[in-house]
Amino acid sequence: MYRRAQIFLVSSALIFGLIAVVTAQIVDKRMLDPEGFLGPSWLRLPLLVGAALLVDLVPRTLWKSKFKWKDMGPIFKDRVRTHWTRERLTLVALGIVCFYLVYVCYRNLKSFLPFVVPETYEFDHELHLIDKAVLFGADPAIVLHDLLGTGWAAWFLSYIYMWFLPLVPFAVAGWLVWSRNLAYGYWFVSSQCIAWILGTVSYYCLPTVGPGLQYPYLYADLPETPASTLMESLVFTRQHVLFDVDANVVQSVGGFASLHCGITLLVALMIQATVKNKIARWAGWINFGITVVATVYFGWHYLADDIAGCMIALVAYYFGGLAAGQKFQRKGVRRLVAESDEIADRESKVAHELT
């Protein structure tokens, strides 16, 4: 039933991985694991899958049993029988492994960018001119600084911007583990893989370092926030990678397109399509809107970067849905989502009766 999505995930991870390995050989660099704090991948990936199981089973068991030992066993077993079916386990394991491989390749290919594309081919000047032309000579960052100020707004935008870092793994785990309809899980993780792959392509098509690095004097009035500290760290890491051939880290500087905008928009779209809770929907769209403002405010991106990131999100949303078996019609996906929910409910009831 989900064969097409499974084939897509595996093939995209393998092809993207092959491209990353070939590129590493061309630039004479090693493939590095950017998230190696939990050990090697062969150990970390099973740990991630096991963590997904425990996060779902343990809190639910404790809550429903009210910490009564005799009730924990039946509640635990019932959840395993009704929710953790073979299809669910396949989705979680395949989704986590394929997404993680795509993400690792993304980080490495982004790190290789300065060695593939010389600095003379960067387009920061052109995109900065476009920004000023759109605002009739004014700089977008200066306009936002004047409008919002550089006090509490800087701290607020900083924390929203930094929220992106845990948002991605939380969102992936959420759709894989808790989506009532397995198709939604495949839809989400497929669209995520597409977005990160297209983001990598965009870095190579139009390389930039971003206004914050190219024109730092525009942001001199901003206070020291977690966002500015992160930017300083990225600049230091970039220099370390460029001038130390034995550097055991990856650099993450790349402006066009903005995956902060792309991924947050993609999450908002997925919430709108697959989650019925209105508060969650509003939260998704508000998070996206504030993130867009933050990317320009701190100098992470030009306006064109944000627009391109949004386009990536729309493409990933659509083709990820096709890979997962969604059919987009003129009336949108709302009717389809309702029908899919009804099917999921029937499947859940049948599975529960059989057990």
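Trainee: How do H7 and H11 sit relative to each other?
Mentor: H7 and H11 are oblique to each other. This is a predicted model, so take it as such.

Trainee: What angle do H7 and H11 pack at, and how far apart are their axes?
Mentor: The angle is about 55°, and the axes are 7 Å apart. H7 covers residues 152-162, while H11 covers residues 226-243. Angles of 65 to 115 degrees would count as roughly perpendicular and those under 35 as roughly parallel, so this pair falls under oblique.

Trainee: Which residues of H7 and H11 meet?
Mentor: From H7 there are Trp155, Ser158, Tyr159, Tyr161 and Met162. On the H11 side they meet Pro226, Ala227 and Leu230.

Trainee: And how do the residues of that contact divide by class?
Mentor: Seven are nonpolar, one is polar and none is charged.

Trainee: What about H6 and H13, at what angle do they pack?
Mentor: The angle there is about 115°, with the axes 8 Å apart. H6 and H13 are therefore roughly perpendicular to each other.

Trainee: Which residues make the contact?
Mentor: H6 brings Pro140, Ala141, Leu144, His145 and Leu148, and H13 brings Val293, Val296 and Tyr297. By class, this contact of H6 with H13 has seven nonpolar residues, one polar and no charged.

Trainee: Which residues line the second largest cavity?
Mentor: Pro140, Ala141 and Val296 are among them, and those three also take part in the contact between H6 and H13. The lining also includes His128, Asp131, Asp139, Pro211, Leu218, Tyr219, His301 and Tyr302.

Trainee: Which helices each supply at least two residues of that lining?
Mentor: Helix H5, residues 124-134, and helix H6, residues 140-148. By class, the lining of the second largest cavity has seven nonpolar, two polar and two charged residues.

Trainee: And what lines the largest cavity?
Mentor: Leu113, Pro114, Val117, Glu122, Pro207, Thr208, Val209, Arg238 and Val253. Six of the lining residues are nonpolar, one is polar and two are charged.

Trainee: Now the backbone. Where is there a cis peptide bond?
Mentor: Between Phe256 and Ala257, with omega at about 5°. Ala257 lies in the loop between H11 and helix H12, which spans 259-274.

Trainee: Which residue has a positive phi although it is not a glycine?
Mentor: Asp28, with a phi of about 60°. Asp28 is placed in the loop between H1 and helix H2, the latter being 41-65.

Trainee: Last one, Gln6. Which helix does Gln6 lie in?
Mentor: Gln6 is in helix H1, residues 3-26.

Trainee: What is Gln6 in contact with, leaving aside its neighbours within four places in sequence?
Mentor: Thr90, Leu94 and Tyr186. With Tyr186 there is also a polar contact of 2.9 Å between the two side chains.

Methods:
Residues are numbered from 1 along each chain as its sequence is written. This is a predicted model: local features need pLDDT of at least 70, side-chain atom pairs count only at pLDDT 80 or more; totals for chains, interfaces and linings use all residues. Side-chain values use heavy atoms; hydrogens and water are left out. Helices (H or I, at least four residues) and strands (E, at least two) are DSSP runs, numbered from the N terminus. A polar contact is a pair of N or O atoms within 3.5 Å; within protein, one must be able to donate a hydrogen and the other to accept it, and residues adjacent in sequence count only if both atoms are side-chain atoms. Contact means heavy atoms within 4.5 Å. On a 1 Å grid over the protein atoms alone, a cavity is a set of points where a 1.4 Å probe fits but cannot get out, and a pocket is an open set with protein on both sides within 12 Å along at least five of seven lines; lining residues have an atom within 4 Å of a point. Ala, Val, Leu, Ile, Met, Phe, Trp, Tyr, Cys and Pro count as nonpolar, Asp, Glu, Lys and Arg as charged, and the others, Gly among them, as polar. Axes are lines fitted to C-alpha atoms, for helices over the stretch in contact, and angles run from 0 to 180 degrees between N-to-C directions. Angles under 35 degrees count as roughly parallel, over 145 as roughly antiparallel, 65 to 115 as roughly perpendicular and the rest as oblique.
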